[in-house]
Amino acid sequence: MAKLIFRYGSMNASKSANLIMDWYNHKSNDKSVLVFKPVTDTRDYGYVTSRAIETKIPASLITPDIEGIMFAMTKTFMPRIVFVDEVQFFTTKQIDELSSVVDELGVTVIAYGLMTTFKGELFEGSKRLVERADVIERIRSECTECSNEGVMNGRFVNGVMQTEGKTVVMGKEKDEDKHIPVYKVLCRKCYEKEMSK
Ligand SMILES: Nc1ncnc2c1ncn2[C@@H]1O[C@H](COP(=O)(O)OP(=O)(O)O)[C@@H](O)[C@H]1O
Ligand SMILES: Cc1cn([C@H]2C[C@H](O)[C@@H](COP(=O)(O)O)O2)c(=O)[nH]c1=O
């Protein structure tokens, strides 16, 4: 039976690496796949890129203004699996479209993404997935400051953790350009410690 699967984790949890490994596995078994990504991710545009395994694979970029495009493409190509990366940036409507891919076309969708924003609140796409997914799996990661589970994504500008700002701001891992925020994976305790500074 086809399923809607949500695999979530913090930043740097190797979500894209997992997607790419799954993709290779299906490809090498001669199974057709489609890969979708929201256009919102301006870091890597039309590729799913993993920094962990230094590999990238092409993906179809999806804009919110063309409704039904993922459903139409899946109906045309009828792949065995549909992969989605950065699924947190999809709208509620787009997640419902992915549900229709599963329920009406019988194609399994495996979607990777973040659960929460830098404020610790659910992203729109992730919220809908929590409400609708058949399977929700966590990809684990460690806090960058201690050995606790990394569950928060802190956004830092000039070393200061941000508590206000736009939901979507592309990030980077190192602090060489002062205008681009750095994201840090933190446990709840270290996140609260930064909040109280
Ligand atoms: N040059 C690099 N820049 C950033 N991360 C790197 C680099 N080399 C290896 N990594 C590791 O890659 C991992 C991120 O892998 P990736 O598949 O891109 O994760 P995600 O999709 O969850 O952000 C991190 O654990 C990070 O430590
Ligand atoms: C927490 C948070 C993240 N983002 C951005 C930052 C990155 O560009 C992507 C996530 O990439 P990854 O593959 O998980 O490393 O999302 C954002 O825009 N807003 C946020 O609150």
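Glu86 has a relative accessibility of 13% and therefore counts as buried. The model is predicted. In it, Glu86 sits in the loop that runs between β6 (81-84) and α3 (92-105). The unreviewed UniProt entry annotates Glu86 as "active site". Notes on this residue, on Val109 and on the cysteines follow.

**Glu86**
- Beyond its neighbours within four places in sequence, Glu86 is in contact with Lys37, Pro38, Asp41, Arg43 and Tyr112.
- A polar contact of 2.8 Å links the side chains of Glu86 and Gln88.

**Val109**
- Strand β7 (residues 108-113) contains Val109.
- The relative accessible area of Val109 is 0%, so Val109 is buried.
- Residues touched by Val109, apart from those up to four places away in sequence, are Lys3, Leu4, Ile5, Val82, Val84, Leu98, Val101 and Val102.
- Ile81 is 28 residues from Val109 in sequence, with a C-alpha to C-alpha separation of 6.0 Å.

**Cysteines**
- The number of disulfides in the structure is 0.
- For Cys143, the closest cysteine sulfur belongs to Cys190; the two sulfurs are 3.8 Å apart, which is too far for a bond, because a disulfide requires sulfur atoms within 2.5 Å.
- For Cys190, the closest cysteine sulfur is that of Cys187, and the separation of 3.6 Å is likewise too far for a bond.
- Cys143 is buried, at 4% relative accessibility.
- Cys190 also counts as buried, because its relative accessibility is 13% and the cut-off for buried is under 20%.

Methods. Residues are numbered from 1 along each chain as its sequence is written. Chains are lettered from A and ligands numbered from 1 in the order in which they are written. This is a predicted model: local features need pLDDT of at least 70, side-chain atom pairs count only at pLDDT 80 or more; totals for chains, interfaces and linings use all residues. Side-chain values use heavy atoms; hydrogens and water are left out. UniProt positions are given in the numbering used here, feature names are shortened, and annotations may be inferred rather than shown by experiment. Helices (H or I, at least four residues) and strands (E, at least two) are DSSP runs, numbered from the N terminus. Buried means under 20% relative accessible area, exposed over 50%, partly exposed in between (1.4 Å probe, protein chains only). Contact means heavy atoms within 4.5 Å. A polar contact is a pair of N or O atoms within 3.5 Å; within protein, one must be able to donate a hydrogen and the other to accept it, and residues adjacent in sequence count only if both atoms are side-chain atoms.
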